[in-house]
Amino acid sequence: MNTQTFALNAQRRRDGHSIANIALAAQGVAESRPDCFVSVCSANDVATQAAKVEAGIATGENLPLAGLTFCVKDNIDVAGHVSSGNCPGYGDVAVETAPAVQMALDAGAILIGKNTMDQFATGLNGTRSPDPICRNAIDPAIIPGGSSSGSAVAVAAGICDFSYGSDTGGSGRVPAAANGIVGFKPTPGLISARGMVYCNRSFDVIPIFAKTIDDVAMVFDVVGGADPLDPFAYNGTLQTAPDAAGKHFAIPDSLDHFGDLAALAAHQKNLSQLEKAGASFTKIDFAPFKEAGDLVFQSALVAERLIDYGDFIESHPDKVVGPVAQAINAGRAFSAQDAFEVLHRVAELKLACNAVFAEVDALLVPTIPRLFTVAEMLADPMPRNTIMGTYTYFANPLGLSAIAVPGAKRDDGLPSSLCFVGRPGADLELLRTANSFAPVL
C-alpha cells in the first residue's frame, strides 16, 4: 500500500521515536490550534493511550491502526468530553464513546481531541462557528469547507493521521476538497452512526479523512460494517471490489462553476487525465440528482434537524450563529403531510438515479463547483453556502457512497477535487476504482 501518511509514522518509529512521543507531539500541536480543536485530550490521557498500545504490540495483539493519531468532530461522542456541536452551553459530558471511535481505539489508534465545526453541522463552508473560525490548511484566506472543517484541516495540516467528521449534505467531502485531501463518505449505515448529535438521523454518515485513499481504506477496513444496534444500519448487499481497469463513468450533462474559471479548467483537466488513463464517459441527465440534493434544505427534510437541537435554539437564540439558526428554523414551517410527501419523492428519485448506475461504474462530479474566500462567504453566507453543496447534497438522501479525491492544482495554486459517486453498498469497489485513477490526477 502507498500509505504516505501512515508510513510516515512507521518511519518515525523506525527512527527511534516512540508511539508516545509521536502522539504527545500531535497533542501539543492540537493545543496550539483553537481554530481547529474544540477540546484536546490531556497529555496524561494521550500518554496512557500510547502506553496501552505499546503494551499491546509487545504482547502480539492485532492492532491494525497501532500508534496512528486521530481526532473526531465535536458532534461525535467521546466519553468524558462534551458533544457540543460547537455551540457553547449545548450538550452534556458523554458517558459512552461512539462505536466508530471505540473501534479505532481498540485497533490501536490514539485519540488527540475533538474538532471545531460549523455549528450543529449546519453549513458547508467552515465559517459558521464561534471565534476563532477554522482556517484552511493551504491558504487561510480561503474557506476551509464545512461542516467538518477542523477534522479536515487537522489531517491536511499533518496534526493527525486520520479523522472522523459527519456528512449530511457533503461535510465529509467539501472540506476535503478545500484542503487538498481525501474524504470518504460510505453508504449510509456502513459505519455506525450511533453516539452523535444528529442533523438528519435518517441519512447522517460518519466519513473518514486521510491523506490517501489507501489510508482511508485501512481505517474503513477496521470500522466499516453494519452495526446490529444501529437502527439505520445498511442492510443491503456489500459489493465486492473487482479489477478497476477501463472504467466507464457518468458525468453530468451540464456543470455550473458559478464563474470560477480556474475551477472549470481544473475539472476539465481532471477528466482529460482520466480519459488518457482509459476512462470513458457518458453524459447523463443530472436533474434527478439535483432535485434530490435540493430537497435536503428546501423541503421538510430540514425539519428533522429540530429533533436534536430545535428546543435549544428556540430557548437560547443568543448562542446560535445567525445563518445556522436561519437554516434550522426553516424546518418549523413544514407539516407532517409535507414530510411524507418528500419521503415519497425521495423514493421516486432513488429509482431514477439508481438506474444510472446500472449502465456505469460510477458518477463523476467536481466535489465543489468553486472556492470562496472567507470574506466572500461572510458577505453573502446563505446562497454561497448552498453553492458549495451543488454536487454533494444528493448523495445521502439517495443512499449512495462517495469519495472526494485531490485533482490537478488550479491555475491559482489552490486545490481541485474530483468526487467518485457509487451505488449503495459499492464502497469497496468505489475505493478501488478511485485509487486506480488517483495517480493520474
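## A phenylalanine to start with

At 2% relative accessibility, does Phe-120 count as buried or exposed? Phe-120 counts as buried. Keep in mind while exploring that this is a predicted model.

You will find Phe-120 in the loop between E3 and H5. Its backbone deserves a look too: phi of Phe-120 is near 55°, a positive value in a residue that is not glycine.

## Phe-120 and its ring partner

Now turn to the side chain. The ring of Phe-120 pairs with that of Phe-312, with 6.3 Å between the ring centres and 75° between the planes. Planes over 60 degrees apart count as edge-to-face, so this pair is edge-to-face. The two partners come from distant parts of the chain, 192 residues apart: Phe-120 sits in the loop between E3 and H5, while Phe-312 belongs to helix H10. Both residues are buried.

Elsewhere, ring pairs join Phe-286, Phe-289, Phe-357, Tyr-391 and Phe-394 into a cluster.

## Helix H10 meets helix H11

Phe-312 leads us to helix H10, which spans residues 306-315 and packs against helix H11, residues 322-329. Their axes are 11 Å apart and form an angle of about 120°, which makes H10 oblique to H11. The crossing of H10 past H11 is left-handed.

Which residues make the contact? From H10 come Leu-306, Tyr-309 and Ile-313, and from H11 come Ala-325, Ile-328 and Asn-329. Of the residues in this contact, five are nonpolar, one is polar and none is charged.

Strand E3 covers 110-115 and helix H5 covers 149-156, and Pro-132 has its place in the loop between them. A cis peptide bond joins Asp-131 to Pro-132, with omega at about 0°.

Ser-147 is found in the loop between E3 and H5 as well. The peptide bond leading from Gly-146 to Ser-147 is cis, and its omega is near -5°.

## Another positive phi

Finally, visit the loop between strand E2 (69-73) and helix H4 (99-106), where Asn-86 lies. Asn-86 has a positive phi of about 60°, although it is not a glycine. Is Asn-86 buried or exposed? With a relative accessible area of 8%, Asn-86 is buried.

Notes
Residues numbered from 1 in each chain as written. Predicted model: local features only at pLDDT ≥ 70, side-chain atom pairs only at ≥ 80, totals over all residues. Heavy atoms only, no water. Axes fitted to C-alpha atoms, helices over the stretch in contact; angles between N-to-C directions. Helix = DSSP H or I, 4+ residues; strand = E, 2+ residues; numbered from the N terminus. Parallel < 35°, antiparallel > 145°, perpendicular 65-115°, else oblique. Left-handed = near helix turned anticlockwise from the far one by under 90°. Contact = heavy atoms within 4.5 Å. Nonpolar A, V, L, I, M, F, W, Y, C, P; charged D, E, K, R; others polar. Buried < 20%, exposed > 50% of the residue type's maximum accessible area, 1.4 Å probe, protein only. Phe/Tyr/Trp six-rings, centres within 6.5 Å; stacked < 30°, edge-to-face > 60°.
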